[in-house]
Every structure is written in C-alpha cells, then in structure tokens.
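Thank you all for coming; please have the sequence and the model open while I talk.

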Amino acid sequence: MQSDTENRCFHCGLQIPRGQNHHLEVLNDTQNFCCPGCLHAAESIINSGLSHYYTERTSPSPTASSDNLLSESECAFFDKHENQNDFSTPTSNSERSTLLSIDGMQCAACSWLIKSRLQEIEGVTAIHVNTGSHQARLSWQPEIIPLSHILNQLNALGYQAQPLWHRSVNDDADKSQKIALKRLGASGLGMMQVMMLSVGLYAGAFSGIDTIYENLLRWVSLLVATGVLIYSGSPFFISALKGLRNTYLNMDLPISLALAGAYISSIWATLTGRGEVYFDSVTMFIFFLTLGRFLEASGRYRANRTSQALLKCLPETATRISSSRDDELVAVHNLNPGDHIRVKPGSTIPVDASIIEGESSVDESLLTGEINPKNKSIGDTVCGGSQNIESPLLLEVTQQVQHSLLSNIMQLMERGLEEKPRIALLADKVARYFVLALLLIATGVFTTWWFIDPDRAFWITISVLVITCPCALSLATPVALTAASNALMKNGVLLTRSNVLEKIIKADTVVFDKTGTLTQGKFALKAIWPLSNSSEEESLTLATTLEKNSEHPISLAFQNIALASALPTATKIKNYPNQGVEGLIEGILYRIGKADFANTLCPSHTLLYPPDNVLNATQRIFLASEHGPVACFDIEDPLRQEVPDILKILKSQGLSRVMLSGDPSPSAKKLASSLEFDTAHIDYSPEQKMQYVRLQQNNNHQIIMMGDGINDAPVLAQADVSFAVSNGTELAKSSADVVLLKENLELLITTKDVAKKTLGIIRQNMAWAIAYNGVALPLASFGFIEPYMAVIGMSASSLVVVLNSLRLR
Amino acid sequence: METLFILIPLGLILLAVAFWAFLWAVNKNQFDDLESPAQDIIFDDRQSEETRKNKAQAKPKTDSGIKKHD
C-alpha cells in the first residue's frame with residue numbers, strides 16, 4: 001500500500017480511487033489527483049500564476065468534481081436579460097452587481113484565490129469576498145462576459161457559486177449593523193476628544209486656569225458631547241421612553257437618567273460658570289455601553305448572515321414542462337399550482353407537489369430529521385426542500401413556493417420567536433427598584449434642603465444624582481456579558497443573544513433532538529455478518545464496489561472504508577429504486593440491498609437473519625450472489641461519543657432530560673431508554689415538538705432545547721434557551737440563541753459553567769455598585785461631597801466593575 | 001496661550017475629518033472582512049516572488065513552468 005499522503009488527492013485531500021491516474025507538477029513536485037476535476041482546478045490555479053495558494057491554505061480545498069459546472073440551460077437562465085433583475089442590480093449602463101453565495105470557502109487563502117482568479121477575467125469590474133459570511137459581491141459587464149462564465153470559473157475551482165435572490169433581507173441587517181458601527185465610532189472618537197480636553201480642565205483645577213480658557217474647554221466639550229449624546233446616545237433614550245410608555249422600567253431608564261442628569265448639570269455649569277462639568281463621563285459612559293451592545297449585535301448578525309445560505313435549500317430554478325412538452329427553465333417563485341416540473345435524481349424538489357410519473361425514494365431529512373429516505377410513487381405528495389434520490393420524477397405543483405411546507409416551518413419558527421417567554425432579567429429587576437428609590441430620594445433631598453437652604457438645594461440635588469449615577473450598575477451586566485461571550489467564542493460557542501446566560505442557569509429541563517444532535521446524522525457501518533465462507537474483507541470489497549454506484553444515503557456508510565486490496569470493476573450496474581443495486585463483478589452477478597431484493601438472485605437459499613441485538617441499527621442490508629447469500633451489514637447512525645457523559649453530568653446537576661425525535665422507528669425509543677432519558681417521544685412533527693415545549697413552559701418549566709434540523713427550528717425558537725449544533729442546518733442556527741461552532745456537545749456543559757461564573761460576576765458587580773451608591777448617597781445628601789470627589793468616585797466605581805468582569809477571560 | 005483659540009477649533013476640524021473618513025470606510029464595506037484582506041497582500045507578495053524564482057530556474061520549460069504527465 002502506498003503511504004497515506006501519496007494516496008490522497010493533492011487538491012481536495014480525498015483518497016485517490018484505484019484506476020485514477022492524474023499528476024501535475026506543482027511547486028516543483030509531482031502531485032497526484034483524485035479526479036479530472038481536481039486536476040483541472042489545480043491546472044487553472046497554476047496557469048493563472050496563483051500556485052502559492054497551496055502553500056498558504058490551512059485546510060484541503062473542496063473537491064472540484066466536473067459536474068459542478070452549470071448545465072447549458074442553467075447558463076442560459078443566468079445570462080437571460082429578463083431574469084437578471086431577480087438577482088442583480090444595474091450599477092451603470094454597462095455594469096451589473098450581484099451578491100454571490102460561495103460554498104466551500106474555508107480560509108483566507110480561498111478568498112485570495114477567488115479574488116485573484118476573477119480579477120484576471122476581462123469584464124469583471126470588482127469583486128469583494130467576505131470569508132466570514134461566504135459571500136462575494138461581484139460587479140461585471142454583461143456585454144463583455146456572461147455571468148454563467150464567471151460562475152463556471154468558480155465552479156471549476158471547486159467552489160459552488162450561486163447568486164442570492166432575496167437581497168432585501170440582507171440589506172436590512174446590513175444597514176442596521178452599519179449604523180451600530182457608526183454610532184460606536186462616533187462615541188469612541190468623541191470620547192477621546194472630550195477626554196483630551198478634560199485633561200486640560202483637571203490640570204487647570206489643580207494649578208489654576210484663566211476663566212476664559214476654562215470656558216473655552218468647557219464649551220468645546222459641550223459641543224462634542226452634544227453630538228455624541230444625540231448621535232450615539234439616542235437609542236438609550238428611545239428605549240427608555242418605549243419602556244415608560246408600556247409602563248415598564250427597564251435598564252435603559254436609569255442609563256438615560258444618569259446621562260441626562262450629568263449632561264444637563266454640565267450645561268448648567270457651563271452656562272453659569274458655577275459647578276463642575278461631567279462631559280467626559282457622559283461620553284465615556286456612552287462609549288462603553290455602545291460597545292457592549294455592538295458586540296452583542298454583531299454575534300447575532302453573524303449568525304443571521306450565514307443563515308441566508310438557507311435560501312439555497314430550495315433550488316432557485318426548476319425545469320417546467322410546458323404543453324408542447326418542451327423543457328423550460330423557470331425561476332421557482334414563478335411556479336403555479338398545476339404546472340408540471342421534472343426533477344432529476346440527486347436534485348432538490350423545489351415546491352410541494354404530487355408525483356404524476358416515476359417512482360423514487362425521497363430524502364426528507366431536511367424537514368423531518370429522518371435520514372432514512374421514504375419511497376414515493378405515483379399519486380404521493382412530496383415536499384419542497386426534500387431531495388430526489390434515485391430516478392427522475394415528473395411532478396405536478398400543488399402549492400406555490402411561498403405556501404410550501406418549508407415556508408410554513410419558517411413561519412412557525414417566527415411565531416415561536418414571538419411567543420418566547422420573556423423572563424424578567426436580574427438587571428431589569430434591579431433597575432426597577434433602583435430608579436424608584438433614586439427618584440424618591442432625590443425628591444426628598446431637594447425638599448429637605450429647600451427648607452434648610454434654598455440656595456444650595458439645586459446643587460446638592462444635582463450632586464446626589466451625579467454621584468448615584470448608576471454607571472457602575474448599568475455597566476455591571478453588559479460588561480460581564482460581553483466578557484463572557486468573548487470567553488465562550490474562544491471555546492467555540494457563539495452567543496446570538498447574550499442575556500440567555502441568565503436563562504441557562506434557571507433552566508430545569510434539557511430537550512434533545514435525536515437525529516443529527518444526539519447522533520451524527522449520517523450512516524456508518526456498524527457490523528458485518530458473513531453468511532457464506534467469504535471473509536469480512538471480501539464481502540466488504542464487493543459491497544463497496546456495488547455501493548459506489550448508488551446515490552442512496554446508505555452508500556455513504558461504505559464510502560470511507562479503507563480496504564487492503566484494490567476494488568474490482570463492476571459492470572452492468574443497475575439501480576433499483578427503493579430496493580438496491582445490482583452489478584456483475586468478475587463474472588458473478590451480485591445484488592446488495594433489501595433482503596427480498598437480494599434473495600431473488602438466489603431463491604433456493606433462504607437468508608439467515610443474524611440475531612437482532614443491535615441497538616439503534618436503523619438499517620440492515622444484504623449482499624447476495626447467484627450462488628447464495630454472501631453477507632449482511634448493519635448500518636446505523638452512530639451516537640456521538642460524548643453524549644452518555646453529558647447526560648450523566650446533566651443528571652447529576654438535577655436537570656430532567658427529554659428526547660423529542662421526528663424519527664418513527666422503534667430503535668429511537670430503544671436508544672432513549674438505554675440513555676436513561678426521563679421522557680422520550682418519537683414520531684413528533686415540528687408542530688408537536690413546539691406544543692410539547694409550550695406545555696412544559698406553562699407548567700413553569702424552563703427549557704433548554706438542543707437541535708440541528710429545519711424541523712427543529714420552530715421548537716428552538718419556542719424554547720427559553722436554544723442550542724444549535726455546528727453541523728446543523730442554517731435555519732436551526734438562525735433561530736437558536738447559542739450556536740456551537742465545534743462538533744462537540746460537551747460545549748453545552750462549558751456554556752453552563754461559564755454562565756454560572758458570569759452570573760456570579762454580575763452579582764459581585766451589582767453588589768459593589770449598590771454598596772458604592774449606598775455609601776455615597778447619604779454623604780452627598782448631607783452636602784459633604786466635593787464635585788471632584790464625585791467625578792473620581794464615579795469613574796473608579798465603573799472601573800472596578802470593568803476590571804472584575806475581565807476576570808471571565 | 002491665545003493660540004488655543006486656533007488650535008482647539010483646528011482639533012475639532014480634524015475630528016470632523018476623522019469621523020467623515022470613518023463613515024466613508026463603513027459605507028464602503030471596509031469593515032466587512034477584517035481578516036482576509038490583511039493576508040491577501042502577503043499572499044500576493046509571496047506569489048510574485050515564487051513566480052520570479054520559477055522563471056529564473058526553469059528557462060527551457062513552458063512559460064508558466066508546468067509540465068503535465070497524464
């Protein structure tokens with residue numbers, strides 16, 4: 001056997017199949033490739049003088065299979081002028097611009113390769129690649145180069161490029177993210193400027209300063225702080241006002257009060273030349289708060305942005321058969337009920353439809369989480385978003401795309417998000433009492449001093465308001481949450497809503513989806529039972545040879561099996577939909593697939609069934625030849641190895657564990673009992689899962705939901721806290737509060753630990769802030785506090801809070 | 001000290017320019033991808049170095065320095 005690296009494709013890292021013999025000299029070394037596609041991709045990279053890509057990339061490139069290329073009709077569709085308005089906008093008379101989604105992009109070297117490759121093409125005017133969101137903005141001149149040609153250049157490199165349709169969704173999120181960034185920049189720049197001026201003021205306070213210069217510094221500070229307050233501070237005031245209108249005191253109210261108090265008293269001081277100015281505190285305060293909110297919003301934005309890849313679940317074009325029996329490629333949203341469409345094997349079914357010709361098996365895993373394909377024949381309905389596996393189907397459209405099941409699930413998810421129970425967060429609760437107390441005390445102080453010394457009443461009230469300015473209190477939660485999300489990010493956990501950390505601690509039930517969450521969501525070979533005297537190795541070789549020709553998901557189980565000997569060639573391959581594969585190997589006819597199907601080759605022999613003691617064996621397939629049965633294979637969707645440990649830890653923490661699965665097979669039930677789940681339900685629809693969680697919530701349970709599929713999206717949205725696993729579908733990720741970036745469920749425990757620590761820190765911060773205010777308040781009320789002490793105290797108390805939060809790193 | 005009356009307004013103008021530049025950068029999507037453009041420049045550099053080396057080494061070969069055996 002050859003060494004491992006020699007046996008792998010230089011371009012994509014896959015094992016090179018026997019009989020494939022492609023070499024190319026790359027970087028002064030002869031390299032091997034697995035297929036003509038990868039060879040051509042490498043050639044094209046080297047010919048355009050970009051061979052350095054191979055030394056810079058950090059992971060293998062995507063396999064450049066030759067069927068990546070667009071078909072002729074697809075090319076025609078993208079190049080047709082009338083269609084282009086659906087996915088691109090004209091930027092000038094001869095130029096258009098579009099947003100491409102690019103699959104297979106893994107590292108900065110990929111983005112460099114794409115940019116450099118496209119820039120060479122004449123007619124491409126601009127290309128901006130975003131590695132994070134796997135999207136690229138392309139401007140090109142349709143008269144010089146057709147779009148399909150550009151797309152095919154990318155496809156030839158092994159990336160899958162497609163224009164995105166629904167850009168309006170994207171634009172909204174983009175816009176608000178940009179505004180948030182601008183606000184942050186404005187407050188940062190403003191803060192620096194005001195700080196600089198206040199250094200002059202502080203120095204002046206100690207060593208003396210002419211009134212005219214003091215006034216100059218104050219007026220300039222006033223100018224800058226006003227800009228910052230209006231531009232960057234307005235969201236706090238708006239949110240506080242909204243809260244008030246709904247008779248709800250939120251944390252933005254004390255923030256707004258503190259900002260307004262410090263700002264107005266500073267204006268008063270500037271105008272009258274009496275008292276102290278706090279413009280530096282105002283701007284700093286706005287900057288820190290804006291920073292915290294910006295970081296939180298970016299996490300959410302990143303999660304949502306990748307979710308646009310969801311739009312690709314549905315093919316954007318479909319082949320419509322018109323009355324004249326001519327095939328015509330149309331955009332999916334133009335399909336109407338009654339239209340006839342043809343769906344090739346291996347393609348996604350675009351809309352809900354019923355079968356009028358053909359028979360095939362259909363993979364509905366996207367919608368149900370069930371990875372076993374379902375058999376469908378004439379008259380059966382198929383759902384948009386599911387995949388046709390074996391043979392071509394002629395369908396009659398029953399629903400427009402916006403009414404298809406997938407769209408319904410998305411609507412269900414949105415409803416779930418709306419209904420999500422809002423538990424009052426600690427910070428908000430504290431804020432409510434704090435604001436009330438503060439207002440009462442300030443009024444009390446003012447009235448008391450009014451009777452004692454009306455001249456001093458105003459200034460003492462202002463200093464009470466300033467010194468009790470809930471800066472530290474307002475910073476206590478956001479700074480800690482920001483530090484926690486950063487710490488989690490380093491561990492591979494992306495928080496899309498940072499206030500979930502508090503809810504994670506309160507949760508008492510963890511609900512798991514089965515397929516893809518507890519299990520790996522793909523078939524693997526579990527056991528081989530020889531039924532003849534051929535060795536395991538021999539039967540495995542035969543099975544792999546046959547399954548190589550199958551599109552069925554089960555064949556994946558045989559894909560990555562390393563065999564000592566070369567695979568023989570099989571001829572006369574025949575795929576039987578829903579049954580199995582037949583082929584001639586070394587003169588003997590073999591069949592692999594369902595028991596009855598395999599047995600018809602050798603009717604005189606009865607297939608012996610091995611003992612059925614295998615847990616979670618979802619499939620059992622047989623290999624037989626003309627001379628008799630050869631072997632039986634157990635195929636299963638293996639459990640993630642960390643799952644039993646995690647469940648044990650959750651049990652020890654006193655949480656109840658629930659499994660809700662869309663999978664109707666009894667093995668799911670068996671799995672649940674072997675893992676000691678408290679409750680397990682199988683064969684649940686997305687709607688039922690959501691109802692289950694809602695019922696538990698009505699019984700005062702707080703639910704953590706962990707899922708991966710599109711069918712989980714509604715329940716993820718409904719749960720108090722939801723986790724999406726890394727290999728999950730984009731829709732699941734976009735409705736989840738927490739996205740695990742690594743394929744490891746143990747991160748659930750990590751997140752819980754960090755959440756616990758964070759809550760501890762938040763409590764310490766609050767205790768400190770309240771203690772500080774508690775001491776400062778009486779002193780200020782009795783008029784003992786000099787203004788400069790108030791400023792130092794205010795900044796110091798905020799600093800303590802920030803430093804304490806940084807311990808979370 | 002009268003110079004402050006010129007210097008501080010000048011500082012404010014600089015601030016305005018900086019803020020305008022920042023807005024321009026945000027609007028031009030300069031903050032979209034903070035990672036790959038930083039590396040692109042290095043990749044470009046190393047690539048041109050490599051191409052130069054290859055050309056110097058492989059004079060009799062084809063211009064791009066590739067040889068195919070299929």
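Predicted model: local features only at pLDDT ≥ 70, side-chain atom pairs only at ≥ 80, totals over all residues.

Residues are numbered from 1 along each chain as its sequence is written, and chains are lettered from A and ligands numbered from 1 in the order in which they are written.

Among the contacts in chain A with a separation of 6 or more, 67% join residues 24 or more positions apart, a contact being two residues whose C-beta atoms, placed from the backbone, lie within 7 Å.

Let me turn to the sheets, in which two strands pair if DSSP finds at least two bridges between them. In chain A, 7 strands form an open sheet of mixed pairing, in the order β17-β29-β28-β27-β18-β25-β26, and its edge strands are β17 (493-495) and β26 (679-681), each of which pairs on one side only. Neighbouring strands of this sheet are turned by 20° against each other on average, direction ignored, with axes taken as lines fitted to C-alpha atoms, for helices over the stretch in contact, and angles running from 0 to 180 degrees between N-to-C directions. Within the sheet, β18 (residues 509-513) and β25 (residues 656-660) of chain A pair in the parallel sense over 5 bridges, and A:Asp513 stands opposite A:Leu660 in β25(A). Helix α23 (residues 686-698) of chain A packs on this sheet and touches β18, β25, β26 and β27 (703-707), its direction making about 160° with that of β27(A).

A further open sheet of chain A has 3 strands in the order β13-β12-β15, with antiparallel pairing. Here β13 (374-376) and β15 (387-388) of chain A each have a single partner strand, so one side of each is left without a neighbour in the sheet. Strand β12 (residues 360-363) of chain A pairs with β13(A) over 3 bridges, and A:Ser361 has A:Asn375 as its bridge partner.

Finally, 30 residues of chain B are in contact with 31 residues of chain A, and the largest share of the chain B side, 10 residues, comes from α1(B).

Note on methods: Helix = DSSP H or I, 4+ residues; strand = E, 2+ residues; numbered from the N terminus.
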